[in-house]
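Here's a protein model to explore together, one question at a time. Have a look at it first, and then we'll start.

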Amino acid sequence: MIILNKEEIKKCLPMKEAIEVCKESLKDYSENKTNIPLRINLPVEKYNGQALFMPGKISSNEEKVGIKIVSVYPNNAQYNLPSVPSTVLMIDSKTGIVNGLLDGTYLTALRTAALQGAATDLLARKDSKVATLIGTGGQAFEQARALLTVRNLEELRVVGRNFEKTKKFVEKLKNELSEFSTNILAYEHANDAVIDSDIITTVTTSTTPTFDAKYVKDGTHINGIGSFTPDRIELPTELINKNNKIYFDTNDGVLSEAGDILLPLDKGLITKNDFKGELGDLVLNPAIGRENNNEITIFKSVGTAVLDIACGYEIISKAQELNLGTKVDM
């Protein structure tokens with residue numbers, strides 16, 4: 001078994017490659033080449049936490065099997081611990097033996113950002129120049145990297161709940177993403193940042209919309225990445241309507257768990273027939289995506305183990321090739 005930490009995973013799967021892996025894995029999902037049960041969510045009320053178990057299998061060119069154990073503990077930030085700690089176990093499909101143990105906290109951030117990057121690449125206008133990132137938590141850094149990877153942005157605006165924290169986070173982005181020429185700016189208020197943005201990405205645990213729909217211009221692409229339970233809502237409900245093109249990472253996951261979508265469905269503002277499908281459908285047939293520069297496109301995700309397993313498989317394969325990681329005999 002190989003144990004891989006964050007830095008070793010970075011060497012095995014850069015963002016640009018991770019985005020392509022996510023596209024391919026979602027295509028496999030939409031083609032029914034996967035077995036991905038809905039995740040098991042065990043609330044841990046005493047500590048304001050949730051433990052989630054996400055198993056799955058991909059049957060494409062190679063059998064890929066694994067499970068992610070991920071927890072969501074918002075209070076961890078006060079202890080300087082990750083709020084979304086995670087571990088990924090990969091299994092040798094020929095023997096059933098665990099052959100990889102990966103830092104799932106980083107892998108979750110990587111694959112979640114790569115998923116957003118895939119959606120942005122497929123749906124945002126090619127000439128997009130201004131993006132807004134709402135959220136500065138543990139997922140946000142890689143979300144920024146993904147945005148900069150798929151579009152040649154002139155400006156990235158960053159908004160968080162605490163403006164001082166936002167400014168420090170922006171300095172970190174400037175220092176560690178210096179290979180990009182994008183001007184990265186801290187904004188105190190989300191609505192100010194959203195004005196004239198071509199791309200808006202939310203990665204928060206908010207229970208109320210993070211910005212006002214009236215500030216969204218025609219042609220904008222929006223990613224709702226953070227909320228993954230019925231009570232969490234990041235996107236303005238008014239945007240979830242039949243006039244906008246709306247795609248999901250997985251229909252089953254979003255229609256079971258995403259408050260951003262469940263609330264407007266419950267209010268009768270939209271029907272299930274109004275949604276355009278899964279991102280994998282768009283990979284298979286790009287013609288069903290953006291048709292003109294005036295359309296508002298929306299991507300909503302709740303996450304799926306297919307991404308962890310696909311990325312984990314690539315990481316283990318590359319680690320073996322590069323002789324990376326700590327090898328342990330069980």
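## Questions about the model

Asn-323 sits in the loop between α10 and β16 (326–327). Keep in mind that this is a predicted model.

Reader: Is Asn-323 buried or exposed?
Author: Over 50% relative accessible area counts as exposed. Asn-323 has a relative accessible area of 57%, so Asn-323 is exposed.

Reader: What is the phi of Asn-323 near?
Author: Most residues other than glycine have a negative phi. Asn-323 is a residue other than glycine, yet its phi is positive. The value for Asn-323 is near 60 degrees.

Reader: Where does Asn-80 lie, and is Asn-80 buried or exposed?
Author: Asn-80 also has a positive phi, near 60 degrees. You'll find Asn-80 in the loop between β5 and β6. Its relative accessible area is 72%, and the cut-off for exposed is over 50%, so Asn-80 is exposed.

Reader: Asn-76 is found in the loop between β5 and β6. Is Asn-76 buried or exposed?
Author: Leave out residues up to four places away in sequence, and Asn-76 touches Leu-81, Pro-82, Ser-83 and Pro-85. Its relative accessibility is 13%, and anything under 20% counts as buried. So Asn-76 is buried.

Reader: How do the axes of α2 and α3 run relative to each other?
Author: Helix α2 covers residues 15–30, and helix α3 covers residues 104–123. Their axes come within 8 Å and cross at roughly 75 degrees. Angles from 65 to 115 degrees count as roughly perpendicular. So α2 and α3 are roughly perpendicular.

Reader: How many residues of the contact of α2 with α3 are nonpolar?
Author: On the α2 side, the contact includes Met-15, Ala-18 and Cys-22, while α3 brings in Leu-110, Arg-111 and Ala-113, among others. Of the residues in this contact, 1 is polar and 3 are charged. The nonpolar ones number 11.

Reader: Ile-19 lies in helix α2. How far apart in space are Ile-19 and Ala-114?
Author: Ile-19 is buried, with a relative accessible area of 2%. Setting aside neighbours within four places in sequence, Ile-19 is in contact with Ala-114, Gly-117, Ala-118, Thr-149 and Val-150. Ile-19 and Ala-114 are 95 residues apart in sequence, but in space, C-alpha to C-alpha, they are 4.4 Å apart.

Reader: Why does Lys-23 count as buried?
Author: Lys-23 lies in helix α2. Beyond its neighbours within four places in sequence, Lys-23 is in contact with Ala-118, Asp-121, Leu-122 and Val-283. The cut-off for buried is under 20%, and Lys-23 counts as buried because its relative accessibility is 12%.

Reader: Which element gives the most to the lining of the second largest pocket?
Author: This pocket has a volume of about 240 Å³. Its lining has 13 residues, and Glu-63, Asp-92, Ser-93, Asn-99 and Tyr-313 lie nearest the centre. At least two lining residues come from each of β5 (63–72), β6 (86–91) and α10 (305–322). With 4 residues, the one that gives the most is α10.

Reader: How many residues of that lining are charged?
Author: The lining of the second largest pocket has 4 nonpolar and 4 polar residues. The charged residues number 5.

Reader: What covers the buried residues of α8?
Author: In α8 (residues 259–267), the buried residues are Gly-259, Asp-260, Ile-261 and Pro-264. The elements that cover them include β13 (245–248), α7 (251–257) and β15 (297–300).

Technical notes. Residues numbered from 1 in each chain as written. Predicted model: local features only at pLDDT ≥ 70, side-chain atom pairs only at ≥ 80, totals over all residues. Heavy atoms only, no water. Buried < 20%, exposed > 50% of the residue type's maximum accessible area, 1.4 Å probe, protein only. Contact = heavy atoms within 4.5 Å. Axes fitted to C-alpha atoms, helices over the stretch in contact; angles between N-to-C directions. Parallel < 35°, antiparallel > 145°, perpendicular 65-115°, else oblique. Nonpolar A, V, L, I, M, F, W, Y, C, P; charged D, E, K, R; others polar. 1 Å grid on protein atoms, 1.4 Å probe; cavity = no way out; pocket = protein on both sides within 12 Å on 5 of 7 lines; lining within 4 Å. Points joined across faces, edges and corners; volume = space filled by probe spheres on them.
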